[in-house]
Amino acid sequence: LTHQVVYNANKLAKLVKKKKELQNWLDFYEIKYSKKSNERPTRKIGFLGLWGEKLDAIDYYTAQIENLGKKIAIEQERVLE
């Protein structure tokens with residue numbers, strides 16, 4: 001008889017998916033900046049991107065990806081315990 005341990009990794013999967021989405025946006029804005037390098041792309045961080053503070057898109061997504069990387073590492077440790 002063999003036993004198999006099943007881990008609940010739904011939260012980890014969601015975090016990884018979110019990181020991929022953010023990485024795609026970061027790549028989009030970096031390509032956009034490389035084509036038109038006289039000004040850095042910006043994005044609004046409010047409701048649906050319609051209201052809110054305008055931030056540098058590349059810096060914003062880089063920071064978001066770093067934060068998600070830390071959350072993913074914590075979640076991986078929790079799942080593997």
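A nonpolar patch here is made of residues with over 30% relative accessible area and no salt bridge, with nonpolar side chains joined within 5 Å. Keep in mind that this is a predicted model.

**Exercise 1.** Work out which residues form the nonpolar surface patch, and how Phe47 is placed.

*Solution.* Start with the members: Phe47, Leu48, Leu50 and Trp51 make up the patch. Next, pick out Phe47, which sits in the loop between S1 and S2. Finally, check its exposure: the cut-off for exposed is over 50%, and Phe47 counts as exposed because its relative accessibility is 56%.

**Exercise 2.** Decide whether Glu75 is buried or exposed, and find what it touches.

*Solution.* First locate Glu75: it belongs to helix H2, residues 57-80. Buried means under 20% relative accessible area; Glu75 comes in at 5%, so it counts as buried. Now look for partners, skipping residues up to four places away in sequence: Glu75 touches Lys11, Leu12 and Leu15.

**Exercise 3.** Describe helix H2 from its N-terminal cap to its buried residues.

*Solution.* Begin at the N-terminal end, where Asp56 does the capping: one of its side-chain oxygens lies 3.1 Å from the backbone nitrogen of Ile58. Then take the span: the 24 residues of H2 reach 34 Å from first C-alpha to last, close to the expected 34 Å. Now list the buried residues: Ala57, Ile58, Tyr61, Ile65, Leu68, Ile72, Glu75 and Val79. Last, see what these pack against: helix H1 (10-35), strand S1 (42-44) and strand S2 (54-56).

Definitions and conventions:
Residues are numbered from 1 along each chain as its sequence is written. This is a predicted model: local features need pLDDT of at least 70, side-chain atom pairs count only at pLDDT 80 or more; totals for chains, interfaces and linings use all residues. Side-chain values use heavy atoms; hydrogens and water are left out. Helices (H or I, at least four residues) and strands (E, at least two) are DSSP runs, numbered from the N terminus. Buried means under 20% relative accessible area, exposed over 50%, partly exposed in between (1.4 Å probe, protein chains only). Contact means heavy atoms within 4.5 Å. The expected span of a helix is 1.5 Å times one less than its number of residues. A polar contact is a pair of N or O atoms within 3.5 Å; within protein, one must be able to donate a hydrogen and the other to accept it, and residues adjacent in sequence count only if both atoms are side-chain atoms. Patches are made of residues with over 30% relative accessible area and no salt bridge: like charges are joined within 9 Å, nonpolar side chains (Val, Leu, Ile, Met, Phe, Trp, Tyr) within 5 Å. Accessible areas come from the Shrake-Rupley method with a 1.4 Å probe; for residues, only the protein chains shown count as cover. A salt bridge is a side-chain nitrogen of Lys or Arg within 4 Å of a carboxyl oxygen of Asp or Glu.
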